[in-house]
Amino acid sequence: MKKFSLGKAFVPVVGVIGLIYLLLPIAHVIMFSFNEKRGRNNIIWNGFTLENWQNPCGAPQVCTAFGNSIMVGLVSTVIATVLGTMIAIALVRYRFKFRSTISLLLFTPMATPEVVLGAGLAAQFLLAGVEKGLGTVILAHVMFCISYVVVAVKARVASLNPAIEEAGRDLYASPGQVFWRITLPMLMPGIIGAALLSFALSFDDFIITNFNSGTATTFPKFIYVSALKGVPAQANVLASIVFIGALLLVIIVQSVNISRQKKLATR
C-alpha cells in the first residue's frame with residue numbers, strides 16, 4: 001500500500017479550496033438567476049423557477065444596459081486593438097525619437113488608479129464642453145484598453161522570427177503581401193488574446209464608466225444601482241449567459257489546440 005503523504009496532498013487541497021473560493025460568487029449568481037420573484041428584492045431564496053430565463057428582459061432597463069455594455073465593449077475593442085497593434089509593431093520594429101518615453105507612458109493608464117483616471121477624464125470632458133454619454137465612455141475605454149493591447153501584442157511581435165518575413169521578400173512578395181500573408185497571421189494569436197482581454201476590461205469597467213457616462217447606463221452601473229435591493233434575477237440570467245459563453249469559448253479553443261497538437265504529433 002502506498003503511504004499517504006501530507007506534503008503531496010497539500011498543494012492539490014489548497015488548489016481545490018482556492019478554486020471553490022473563486023467560483024462561489026459565480027455559483028451564487030447562477031443559482032439566484034432561478035430564484036422566484038416575490039417582492040422587489042432578490043436577496044432571499046424564494047423558490048426555483050424558469051420564468052427569469054424565459055424572459056431575461058423582464059426587469060426594467062436591464063437589457064438596455066446590457067446592450068450598451070456589449071456595444072461599448074465591441075467598439076472600444078476594435079479601435080483599441082487596431083491602434084494598439086500598430087503601436088506595438090512600431091515600438092518593436094522601428095527606431096524613432098522618444099521611443100522609450102512612449103513605451104513608458106503607455107504603462108501610465110495601467111498603473112494609475114481608476115478613480116483618478118476616471119475623475120481626470122471627466123474633468124477634461126467638462127472643460128472641453130463634451131456632453132457625457134456612450135461616446136465619452138467609448139473614448140475612455142479605448143484609452144485604457146490600448147495599453148493592454150500594446151503590452152500583449154508587443155510581446156508577440158518581439159517573438160517573431162524575422163527570417164520568415166525575409167523569406168517572403170526573397171520570393172518577390174511586396175511589403176503589403178508580406179504583412180497580410182506572413183506577419184499578420186503570425187501575430188493573430190496575440191491580437192485575438194489582446195482583443196478578448198480588452199473586451200473583458202471594457203465590459204466589466206464601472207469606476208471610469210460611472211465618471212464619464214452621464215445619464216447613459218451600462219450593465220455594471222445597473223448592477224451597482226440595483227445592489228442595495230438585490231440584483232434582479234434577470235441580471236443574474238444575463239451574467240450567467242456571459243459566464244457560460246466565455247466558458248464554452250475557452251473549452252472550444254482548448255479543444256482545437258489539443259486537436260492540432262495531436263495532428264502535429266502524428267506527422
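The legends below describe close-up views of a predicted model.

In this predicted model, local features require pLDDT of at least 70 and side-chain atom pairs count only at pLDDT 80 or more, whereas totals for chains, interfaces and linings use all residues. Residues are numbered from 1 along each chain as its sequence is written, and side-chain values use heavy atoms, without hydrogens and water.

**View 1. Aromatic pair of Phe32 and Trp45.** Rings of Phe, Tyr and Trp (its six-membered ring) pair if their centres lie within 6.5 Å; planes under 30 degrees apart are stacked, over 60 edge-to-face and the rest tilted. By this rule the count is nine aromatic pairs. Phe32 and Trp45 pair edge-to-face, at 5.8 Å centre to centre and with 85 degrees between the planes. The pair links distant parts of the chain, 13 residues apart: Phe32 belongs to helix H1 (residues 6-32), and Trp45 to the loop between H1 and helix H2 (51-54). Helices (H or I, at least four residues) are DSSP runs numbered from the N terminus. Phe32 is buried at 5% relative accessible area, while Trp45 is partly exposed at 37% (buried is under 20%, exposed over 50%, partly exposed in between; 1.4 Å probe, protein chains only).

**View 2. Aromatic pair of Phe66 and Phe219.** This edge-to-face pair has 5.3 Å between centres and 85 degrees between planes. Phe66 in helix H3 (residues 62-93) and Phe219 in helix H11 (residues 219-226) are 153 residues apart, so that the pair links distant parts of the chain. Phe66 is buried, with a relative accessible area of 16%, and Phe219 is buried at 6%.

**View 3. Lining of the largest pocket.** A pocket is an open set of points on a 1 Å grid over the protein atoms alone, where a 1.4 Å probe fits, with protein on both sides within 12 Å along at least five of seven lines; lining residues have an atom within 4 Å of a point. The largest pocket has a volume of about 940 Å³, taken as the space filled by probe spheres set on the points, which are joined across faces, edges and corners. Of its 30 lining residues, the closest to the centre are Phe203, Asp204, Ala239, Val242 and Phe243. Two or more lining residues come from each of H1, helix H9 (175-204), H11 and helix H12 (233-266). H12 gives the most, with 12 residues.
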